[in-house]
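Please look over the sequence and the structure below before reading on.

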Amino acid sequence: MTSSPLAGLADQKSQLLASIAALESLEQLREAEPRLIGKRSVLASLQKSLGSLEPEARREAGALLQEARRVVESALEERRALLARDARLRLLEADRLDLGDVVLGALRVPAAVGHPGLVASTQRELEDVFVTMGFNVADGPEVESDWYNFEALNIPPAHPARGLWDTFYVDLGEPETVVLRTHTSPTQIHLMEEAVRSATLPIHSVMPGRCFRRDTPDARHLATFHQIEGLVVDRGITFAHLAGVIETFTRAYFGPDIESRLRPGFFPFTEPSAEFEVTCTICRGGGCRTCSQTGWIELGGCGMLDPAVFDAVGIDGDEWSGFAFGFGIDRCAQMRHEIADMRALIENDTRFLRQFS
Ligand code: PHE
């Protein structure tokens, strides 16, 4: 028997398997594939040479060759699957979103966090100034009965002075008996009533809070705004104490070159009453459009507590005297930061808000 064309098959098979194992990428595999198992492969030429064999030997050799081809093809498929998996893992690795990195990155660049708005921070600063001067801070309701907002403050129903406060009425109880407070002065009444009830006079308090008036918003007015009220009830309190508190506060909040002055005014709940003005912060007193060339800007009202108010809350005016003042927190912020139009305070434009962080 002549030597079989398949004599070197085992060697050839292991060479093929070795080259398959040496393939390092899918591209290499695709390139090598025709050479390994295609028409130009050793296996293909062996297949051809089988034609010269006797049918019996050809069947035997054919089966051997078939088996060798099956082993080589399955080695190639295994290699292909392995290389494909490696390629996929490499892609995933390159694409991987490392959440740990993102968190650490965010910590290195501080996240943008919010901050109190200008009105809130102004209120806190004002509270700080008054607390330093010995006042405590009190709170009162935003919805009041007519009695607290007006009557107890010596403004009886139908009194013409009510026209000073354009009032929002709440649809509760008898018509026009429940109001959104038009000023913080009703909180004075609550504090005095409470002090009488609990026998805790004297009072040295400031009361900041939100107020409401049926005003059309413009550059210097908002329909929802903030006031801070001050109330002192003690023995021997005079107008000089009031003026001193106003002046001390003005310099502490606005700075030493801003002064205050009191001009005669009228409020039903104080007697005498005064309007409280400070040097115009825009022109520093020289006169400009904002202050109508006067050099002064009105901030609020003040005065000595009217005996009618003491009567309403049951305080003995022979033993006690006191003063009150009230002014706009929004107005303070506007003047201190030279804000041309107060409506910027409620528009929530972040370009405006960011300036006061
Ligand atoms: N409540 C007054 C206002 O709204 C201001 C004021 C407070 C006046 C206290 C005198 C005393 O305008």
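Predicted model: local features only at pLDDT ≥ 70, side-chain atom pairs only at ≥ 80, totals over all residues.

A side-chain N or O atom of Ser 185 is 2.8 Å from a nitrogen atom of the ligand, while Arg 213 places a polar side-chain atom 2.9 Å from an oxygen atom of the ligand. Taken alone, the ligand would expose 330 Å², and the protein buries 93% of that area.

## The shell around the ligand

The ligand sits in the largest pocket, where 15 residues surround it, the closest being His 183, Ser 185, Arg 213, Gln 227 and Glu 229.

Which helix and strands each supply at least two residues of the shell? They are helix H8 (185-197) together with the strands S5 (224-234), S8 (296-305) and S9 (321-328), and the largest share, 3 residues, comes from S9.

A disulfide is a covalent bond between the sulfur atoms of two cysteines. With a cut-off of 2.5 Å between the sulfur atoms, the count for this model comes to 0 disulfides. Cys 283 is in no disulfide, because the nearest cysteine sulfur, which belongs to Cys 288, is 3.6 Å away and a pair must lie within 2.5 Å. Cys 302 is likewise in no disulfide, and for this residue the nearest cysteine sulfur, that of Cys 332, is 13 Å away.

Conventions. Residues numbered from 1 in each chain as written. Heavy atoms only, no water. Near = heavy atom within 4 Å. Polar contact = N/O pair within 3.5 Å; in protein donor to acceptor, adjacent residues only side chain to side chain. Areas by Shrake-Rupley, 256 points an atom, 1.4 Å probe, with all protein chains shown as cover. 1 Å grid on protein atoms, 1.4 Å probe; cavity = no way out; pocket = protein on both sides within 12 Å on 5 of 7 lines; lining within 4 Å. Sits in = over half its atoms within 2 Å of the grid points. Helix = DSSP H or I, 4+ residues; strand = E, 2+ residues; numbered from the N terminus.
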